[in-house]
Amino acid sequence: MAIIEVEDIFFTYRDGTEALRGLSLYVEKGERVALLGPNGAGKSTLLLHFNGINLPRKGRVTILDREINSKTEKWVRSRVGLVFQDPDDQVFSSTVWEDVAFGPKNMGLGSDEIESRVNDALKAVGMTGLGGRAPYHLSYGQKKRVAIAGILAMLPEIIVLDEPMAFLDPKGKETLLDILNLMHEKGQTIIIATHDVDFAVEWADRVIILKDGRTLAQGTCDLLRDSALVEEASLRLPVVSRVFQLVPGLRHRPLPLTIADAVGIINRITQRCGDYLKGDGDDECGK
Ligand SMILES: Nc1ncnc2c1ncn2[C@@H]1O[C@H](COP(=O)(O)OP(=O)(O)OP(=O)(O)O)[C@@H](O)[C@H]1O
Ligand SMILES: [Mg+2]
């Protein structure tokens, strides 16, 4: 069942830039979707349509069976949580606590519920104890965490994150991945715009590749084995695939995408070559 349906949308910025030009795609309920594409492809512009900040000039965006327009934009904001690419566009209250509480307050929740949601969200992003800090004094990565916490506290059915990994340290990325996995287990639909193909292949159920304001391709992560498509989208093959491509004896077809795929292939080779690896085999191994 499609939870988001985008049909042939066009969007033009005030200065005349045609950012989306006949873009169509769908997202199914409970899916983890990675939205890929070069700089300027239209990813952020598209994501702003998912909670009604942008409305298409032409075409239609339907979310949870409702068309998004000026009458439904308020409704959609309680269903879709959007973490902006730049936390400076999102984090604006005088304290971290107030900022995370902003969404739940707007939803009209009671004070106990707000308190517990804010505390849970700050804990989830590793910011417990920093609720009293002024957001503008935080580091960029910390602001990013606060922006994510603000969306988590709203418990939206659909969560959309624009480049969430940018500026997070390795531990912060791991924490975010744990949060995303937990949300996926709870049945939430998650869409992430990213340039990180290694993250996409390890995490996504499906990838959607944009270019020049249109959908270039959508499908499983297998799309990312297609060197011509990857080149056209200004992406690159996942690191694992590149390693296998570079080693003559490992040029398997199809190339592995994930670490697990690669380990599976290496294990099969080492089993076949057990004697050789122990030093008492001959040179035939791997040929
Ligand atoms: N506020 C704006 N006013 C005018 N043009 C804009 C505005 N924001 C984006 N654009 C233009 O719209 C097009 C799509 O930009 P968008 O930010 O959606 O791309 P993106 O895929 O998110 O890129 P990136 O990977 O760099 O984040 C680009 O040509 C960009 O220059
Ligand atoms: Mg962007």
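Author: The model is a predicted one. Val100 and Leu224 are the residues with the most contacts inside the largest nonpolar core, a set of 56 residues. The greatest contribution to this core comes from helix α5 (residues 140–152), which supplies six residues. Domain 1 (2–237) and domain 2 (238–287) each provide at least three residues to this core. Another core, of 29 residues, lies apart from it and includes Leu46, Val80, Ala193 and Leu210. As a general matter, nonpolar side chains in soluble globular proteins tend to be buried together.

The metal site may be considered next. Ser44, through OG, and Gln85, through OE1, coordinate the magnesium ion (ligand 2) at 2.0 to 2.2 Å. Ser44 belongs to helix α1 (residues 43–47), whereas Gln85 sits in the loop between β6 (80–83) and α3 (96–106), so the pair ties together parts 41 residues apart in sequence. Ser44 is partly exposed, its relative accessible area being 23%; Gln85 is also partly exposed, at 41%.

The strands complete this account. Strand β1 (residues 2–12) runs antiparallel to strand β2 (residues 18–28), and eight bridges join them; Phe11 has Leu20 in β2 as its bridge partner. The two strands form a hairpin with five residues between them, and Gly16 in the turn has a positive phi of about 95°. β1 also pairs with strand β4 (residues 58–63), in the antiparallel sense, over five bridges, and there Ile4 has Ile63 as its bridge partner.

Notes: Residues are numbered from 1 along each chain as its sequence is written. Chains are lettered from A and ligands numbered from 1 in the order in which they are written. This is a predicted model: local features need pLDDT of at least 70, side-chain atom pairs count only at pLDDT 80 or more; totals for chains, interfaces and linings use all residues. Side-chain values use heavy atoms; hydrogens and water are left out. A nonpolar core is a set of buried Ala, Val, Leu, Ile, Met, Phe, Trp, Tyr and Cys residues joined through side-chain atoms within 4.5 Å. Buried means under 20% relative accessible area, exposed over 50%, partly exposed in between (1.4 Å probe, protein chains only). Helices (H or I, at least four residues) and strands (E, at least two) are DSSP runs, numbered from the N terminus. Domain bounds come from an automatic or database domain assignment. Donors are N, O and S atoms within 2.8 Å of the metal (3.2 Å for Na, K and Ca); water is not among the atoms, so sites may look incomplete. Two strands pair if DSSP finds at least two bridges between them.
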